[in-house]
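This briefing is meant for someone meeting the structure for the first time. Please look over the sequence and the model before reading the points below.

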Amino acid sequence: MTPEQLTEVEMITVVIDGFEVTVPKGTLVIRAAEKLGIQIPRFCDHPLLSPAGACRQCLVDIEINGRAFPKPQASCTIPVENNMIVKTQLTSPVADKAQKGIMELLLINHPLDCPVCDKGGECPLQNQAMSNGRPESRYEGVKRTFDKPISISSQVLLDRERCVLCARCTRFSDEIAGDPFITLNERGALQQVGIYESDPFESYYSGNTVQICPVGALTGASYRFRARPFDLVSVDSACEHCASGCAMRTDIRRGKTLRRLAGEDASVNEEWNCDKGRWAFKYLSSRERVATPMIRGADGELHEASWPEAIAAAAAGLKGKRAGVLVGGRATLEDAYGYSKFARVALGTNDIDFRSRPHSAEETSFLASVAVNATTTYKDIDKADQVVLLGFEPEDESPIVFLRIFKQVKKRGLVVTSDAPFASRGSTKLKAKLITSISDVTGLTEKSVVIVGERLSETAGALSAAVELVNKSGAKLAWIPRRAGERGALEAGAIANLLPGGRPISETSARVDIQTAWSVPALPITPGRTTNEILEALNLVSDDVSALDAVVIGGLDPADISSQALSQLLNSFVVSLEISHSSVTAIADVVLPVAAVVEKSGTFLDWEGRSRAFDKGITDALTRSDVRILSMIADELGAPIELPTVSATRREIAAVGKWDGAKAEFTKITLTSKSPTGDKLNLSSWRQLLDLGSLQLGEANLAGTSRKAAAHISSSRAEKLGVTYGQEVRISSELGSIKLPVVISQMSDDTIWVPRNSQGSQVIASLGFVSGQVTVVKA
Amino acid sequence: MDNPLTPRSNDKGLAAAAKANAPIENQEAGSFFKQLLGFWVTFVTQFKKPNTVQYPEGKVPTEERFHGRHQLNRYDDGLEKCIGCELCAWACPADAILVEGANNTEEERFSPGERYGKVYQINYLRCIFCGLCIEACPTRALTMTNEYELADSSRSKLIFEKEDLLAPLRAGMLQPPHPMQDGKTHTDYYLGNIKGGSNA
């Protein structure tokens, strides 16, 4: 709580166990006691959930104005009042006896299967039974048993007999995630957590219920029986899956990540994360790792090579050639800075781009003049009077941003406007007002936040319209890309028109800054090209002036860019820095293995630009960060970039600092709405949170809860096509087609929505584009 | 006040040490018989049964509760008693035990109940044979045998794997994985209601 808030709020002084404590009005007794360092045992109480008073474990004696409550009261539901005197178990024998009695009752039906329970060793029930329970049970009857475990989704298992009915999971699902798929069924001794028969617990946030369960009732299927807390080495880390920037805890046993938990960061993810961040970490073992450097021999096959050989081969292939750099969206800030400096110093080019997705020249200009060094934060969402979502589906593309917006919608009815083509699950939960054109946005003030997603660049002129909207109203603008590395890569200058720190390349003083920092005589000033243009240039015949001969590629999947991207790489010299064997390593001339996130230190910048630094998790890993390898190639090329380690890179980034001059002018273009010709439909799509993304490979339990791919169309369009709910349609372009069952939604008749990269619906590979016109027929 | 931490005066000890180190001054030359008496013990011992054991040709049984090599026990039908709970590893003061648990499935059952020990290693270079692991074991899966001949020629040979530690299959036992006895539940196993061999 900030000082100015403190002055507004009335303060109340209470006496707990003989000590005075002053807290804001409305504070619960259990929190006030915490402030004094007095721990009252509890199960159902959670600071981020509404009070429930379900477990009764936190009973204390309370006296107000000299009148005592006749019986001990639950301290997690009673707010402090003036002249209140609280006696906890430490000073009141009555409260102590009451707590012990409650504990004994809870343990009557709780099985003593701690040896096989995953919670054993980190269990609040175990701990508090030791600290606040009777040493012996007087119960001699038979314990209530249930069949165990039942899976309430493919990744969450429920042992009903272990449950103490604290309702933390049901409150979380209802209040925080807005997915009330689980509830307390039955009453009395048979009360149990259950799911609706028709709706499995398919929430994107279900993993949090496992983390906050105070007993072992909810456990994750993937971590089941894998380890005990004392086996694990926990490291603080940051999530590499999206730009939300969750603080994470990674638990490692003998060099292998066994589980990841949400870390605590009140200003970012509070204590939550999404299921992708929690469970998608097996991608390292799902594909074959690149173990050693490899060089493609004269026979056309890749052969293992030593580091010096491979570095020399990479340098030989790049020396004197016209080369470009494709960074990929998952590089850390340090690695992206390495690529940026490598392109400028070692290759002498501005042909560098971090975007491995559909993009446009308008976006390039937008990034350099608006998105870079932007300062909108989560706090602005908390205070906003309206949030406008443009080309951005928060639940799928940045789930913690969704939780933040949802919290305000729930708390104070925050107005949300979205340009989603239909009322998706996320929009429904946010009660979003759907608009079909950016010009329909109304009521923006200086307190509003306009959130622009990476997909807005797919509509020509939409980014310009959004910027105009913001300029007119004074609202705050936030650019929220989907991938974790994009904001960092932008700040590191891994894009054609920017140098590190957001310095426009067209600005002489900006170039001089960097020239001095890097101690180089000159920087390339020829305008650089975007990913698509680089790929096209690679495909040109080599006597063409604008052709490129070679390319350095970071972690990138060509299938994310366009259907022909991979084939465009075939005729050039490709240096691939990769974790695992991929479609790029299959065609690369030199393959250099790099460290995965858990094996290196680094920094991600979340969408706010907030630094999410993390340390090496697996400390004895032999793999190296991209920046170290680029530094070695640069040395071999005779144009050193002098970034031998991640920490040296961090120091240099800090020394270079941010650009304080004016940003480049945004080149606006006008928005033209295209209505489909003939009986064609406009295709709209985005990636669902859980889909075929390469960082989700190898985790079947997680994939089990992904939403089933379906095409959304309007009811009148369905009628025209002669299909009903669940029947299949064929969606085709000139390149190919996909077949999906339909779901009828309230949406424009001219539009069809399909998931972009889900099972049975890989739009880029099958249709060849992401926004365009498609033919839809009944399949 | 007596402070147990303050060393007591050690005058007596110093005096005794001085006496022991002093050169022997007064050797009684005439006490030949006294010296002969010194050999009496040697003489008498010649007629006693020797204590020497001709190890390794001859061996003496250990005490019944001697702490020797560990054993992972089985139920009568051959299913393993170990549930992979790692309490032994937790109790081990020498960090000699490594356990990794895993899920039993209906198709592949190693122990009654949900969980079994997939990896079980005891490192006898670390083990101090204190027996705390055995006290910790909730299913009496881990016990100690009287076997003490554990010396070997390499470090890796002294890390015993699960198959080295598992009790041999006796008559009626079947090598897991196999299902529980017909009609029996894991509770029957834990309560000791399993008699006779496997009917799988």
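This is a predicted model: local features need pLDDT of at least 70, side-chain atom pairs count only at pLDDT 80 or more; totals for chains, interfaces and linings use all residues.

A search of the whole structure finds 55 salt bridges over all chains, and a few of them are described here together with the places they connect.

**Salt bridges in chain A**

- The side chains of A:Lys341 and A:Glu652 form a salt bridge, with a distance of 2.8 Å from N to O. This pair links distant parts of the chain, since A:Lys341 belongs to helix α10 (residues 333–346) of chain A and A:Glu652 to helix α22 (residues 646–656) of chain A, 311 residues apart. Both A:Lys341 and A:Glu652 are buried.
- Another salt bridge joins A:Asp560 to A:Arg687, whose closest N and O atoms are 3.2 Å apart. Here too distant parts of the chain are linked, with A:Asp560 in the loop between β26 (550–553) and α20 (565–568) of chain A, and A:Arg687 in the loop between β31 (681–686) and α23 (700–703) of chain A, 127 residues apart. A:Asp560 is buried, as is A:Arg687.

**A salt bridge in chain B**

- In chain B, the side chains of B:Glu80 and B:Lys162 meet in a salt bridge at 2.9 Å, N to O. B:Glu80 lies in the loop between β1 (70–72) and α4 (87–91) of chain B, while B:Lys162 lies in helix α6 (residues 162–165) of chain B, so the pair ties together parts that are 82 residues apart in sequence.
- Buried means under 20% relative accessible area, so B:Glu80, with a value of 3%, counts as buried, and B:Lys162, with a value of 12%, counts as buried as well.

**A salt-bridge network**

- Salt bridges with shared partners join A:Asp353, A:Arg355, A:Arg357, A:Glu363, A:Glu454, A:Arg482 and A:Glu486 into one network.

**Helix α9 of chain A**

- Helix α9 (residues 307–318) of chain A has 12 residues and reaches 16 Å from its first C-alpha to its last, close to the 16 Å expected at 1.5 Å a residue.
- The buried residues of α9(A) are A:Ala310, A:Ile311, A:Ala314, A:Ala315, A:Gly317 and A:Leu318. They cover an arc of only 165° around the axis, and therefore lie on the same side of α9(A). An α-helix has 3.6 residues a turn, so residues three or four places apart point the same way.
- On the face of α9(A) turned away from its buried side are the exposed residues A:Pro308 and A:Ala316.
- After α9(A) comes A:Gly320, which has a positive phi, near 70°.

Conventions
Residues are numbered from 1 along each chain as its sequence is written. Chains are lettered from A and ligands numbered from 1 in the order in which they are written. Side-chain values use heavy atoms; hydrogens and water are left out. A salt bridge is a side-chain nitrogen of Lys or Arg within 4 Å of a carboxyl oxygen of Asp or Glu. Helices (H or I, at least four residues) and strands (E, at least two) are DSSP runs, numbered from the N terminus. Buried means under 20% relative accessible area, exposed over 50%, partly exposed in between (1.4 Å probe, protein chains only). The expected span of a helix is 1.5 Å times one less than its number of residues. The arc is that of the directions from the helix axis to the C-beta atoms.
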